Amino acid sequence: MSKPPVERRSTALPSQEEEDAVDHATDGASYDASATMKAWENFLDRGRPTAPGGLIRGVIEQSWQRSAVSGVDPRGRGSDLIASADEVDGLRRHHGGLLQAAGKTFQRLADILGETATMVVVTDHRGVIIETAGDPHIVNAAHDIRLEIGANWGEGVTGTNGIGTALVTGKPVYVRAAEHFCEGVKSWNCIGAPIRSPLDGSIVGVVDFSGPQDIFRRHNIALGIMAASHIELALADQLRVERMQLLELCLSRLQSGGRGDGFVILDRQGRVIHHSDSAAVRWRHANPGTELRLGDQLVDFKGGIWPENVSDIPGIDAQRMEPLMHAGTFSGAVLLLEPTGHPSPALRSGTNAARSTLKAAREAIIGESSVLIEAIERTERAAQGRSAILLEGETGVGKELFTRLIHAAGLTTGKEPFVTFNCGAISKELLGGELFGHAPGAFTGATREGRAGRFELADGGVLSLDEIGEMPLELQPYLLRILEENAVYRIGEGRPRPINVRLVASTNRSLKAEAAEGRFRKDLYFRIGAVKITIPPLRNRHGDISLLIHHFNRQVSEAHGTGPLRFQPAVLDLLERYEWPGNVREVRNLVESLSLMATGRTIGVDDLPEDFVEEVQHLRDAGGSPAGPSDGGGADEIARIDEAERRLIERTLVASGGNTSVAADRLGISRSTLYRKLQQYRARH
């Protein structure tokens, strides 16, 4: 695993490191205002200061040189690059963590500097001021030189000053009045100290003390340096909390999703804050010559917001990246690095059309449960071959979505056809002609010019045959022949027509049982069932119900132009307990019905269908599963899930120090739900 960031020690007195920084800031030079002004004027005239040896400190002379090269106006009066109100709001949101870390330190400094003719500011990494505090009179006077929130005091904008020069040198800097490069600032003194990220040591901002009087005192310089250290300590604390929170969110997602162990955790700025060992190995394989390092910004999440279209993010395969949400807010992302080996043809092809189709097919399947993810991964692996695939699953589980995933995962150009046909939706008299096509006038009702069937239309792509179990026995030999010979014979025609079709058959029956009972040909079953994937019913997909409700709620509200529904906790509890015999389709139908028929947008128990409530009540009364299909091991499975949930709650409570509010927040449930679950587990044990 990646190592956590190095933590700085907290101390009330300056450390030796801070004492050395004070010595650097003062540079041990004496100061003569008149001589310094003369040296500055000579510099403007001749390009170099002329003054007695040691009078102009090296850090100041070098900064003057940089300021001149940058084209800074030496007659300027402070910053002339000011952010708009909207830009300032965006900056403060983007640097919310830095502002929060500086909050307590700023409050203490405001009390100390209240009547000392001194103000303190904090800037971002470019030198743009994002917060001010201190003596109110000085804060007001600072507007004359634009030492205010939104002003850029980078050295390339405002010349030599405590903020900009500290950013360039990366060290604390004290700039006395006449040492400033711009004439309009030469009545001010400033002390700037860089603030470094505990993640990678990069400079994230500057804390600066400024005032129009001579504030050069050794203890003031030490105070500025210690203020930067305290802010860094607060940033380190933030990072620890954020790192643990994102790690919990990531592990929860990986465990529920059954994903691999090659993961990278990114914060809201897209920086690496943690990664697994295998992720580092896979990163090197995928990006030769590069290393995965803490603090590297892999993605630029503009404004710390999850983008609407993740495919627009350059350099990252967006299909492998997922957002991490905490309390409904975007907190970061997890980048999943797949093992090197055999990616799907759609990814190998590199065509935008193939990638987009695969992305859409993946996103159409809503859920994160381990059984669902396992089915998805098996489906994508199976799609890389050319064998027929059999999808089995109850009505409403979403077999058509898996069929589309097979098609998408096998794409190379993005133009391969995808043809669907329901074997149970047409009479057996017409079924053969629809599937295999027919010659001119082959039978009553046949067209005079003949017509291609579904197999020919799907040539080069995928043919999805839904409800394959409904195909009449007398037509099944024709289907078997097509699969064996890779050629189709139109009805009434003896000439074979070569085809290259990937068959995906789906059914809500057990074809193995059907074949054993003689209702389906065994040879055909063995031909299409060599690669069989079972789509799990919703009752076995622990944790997916809430995701589906949220998805369909948003989808239905957008389709009908209505506000989304709000479900009361008691309703959500009932929805989680219900067995959903109609599976995903039943969830969608219920949400759509409630959206159209409910009298308000808040859904209570009284708004639910009566039979729905009765079914769940039956569960409570019986102390087991609702009436409906069962695999016989359902009680054991529920017990295992409950036990895992109980252990998770206990671990979270311990990690939260027994604080139920914090534990509920970490678990993503309400406090009342947490109390209810605790009472349930205590009653059982």
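Student: How does E363 count by relative accessibility?

Tutor: E363 counts as partly exposed, at 46% relative accessibility. Buried means under 20% relative accessible area, exposed over 50% and partly exposed in between, with a 1.4 Å probe and protein chains only. This is a predicted model, where local features need pLDDT of at least 70, side-chain atom pairs count only at pLDDT 80 or more, and totals for chains, interfaces and linings use all residues. Residues are numbered from 1 along each chain as its sequence is written, and side-chain values use heavy atoms, with hydrogens and water left out.

Student: Which residue forms a salt bridge with E363?

Tutor: The partner is K359, with the closest N and O atoms 3.0 Å apart. A salt bridge is a side-chain nitrogen of Lys or Arg within 4 Å of a carboxyl oxygen of Asp or Glu. K359 counts as buried, at 19% relative accessibility.

Student: Where do E363 and K359 lie?

Tutor: Both are in helix α12 (residues 352-364), four residues apart, which is about one turn of the helix. Helices are DSSP runs of H or I with at least four residues, numbered from the N terminus.

Student: And what does R362 meet in a salt bridge?

Tutor: The side chain of R362 meets that of E380, at 2.8 Å from N to O. R362 lies in α12 and E380 in helix α13 (residues 370-382), so this pair ties together parts that are 18 residues apart in sequence. R362 is partly exposed, with a relative accessible area of 25%, whereas E380 counts as buried at 13%.

Student: How many salt bridges does the count come to?

Tutor: The count comes to 26 salt bridges. One of them joins D544 to R541, with the closest N and O atoms 2.9 Å apart. D544 is buried, with a relative accessible area of 1%, and R541 is buried too, at 4%. Elsewhere, salt bridges that share partners join E470, R509, E514 and R519 into one network.

Student: Changing topic, why is helix α8 largely enclosed?

Tutor: Helix α8 (residues 162-169) is largely enclosed by the rest of the structure because six of its eight residues are buried. Those buried residues are G162, I163, G164, T165, A166 and L167.

Student: What happens at the start of α8, and what just after α8?

Tutor: At the start of α8, a side-chain oxygen of N161 reaches to within 2.9 Å of the backbone nitrogen of I163. Just after α8, G170 takes a positive phi of about 75 degrees.

Terms used. Helix = DSSP H or I, 4+ residues; strand = E, 2+ residues; numbered from the N terminus. Polar contact = N/O pair within 3.5 Å; in protein donor to acceptor, adjacent residues only side chain to side chain.
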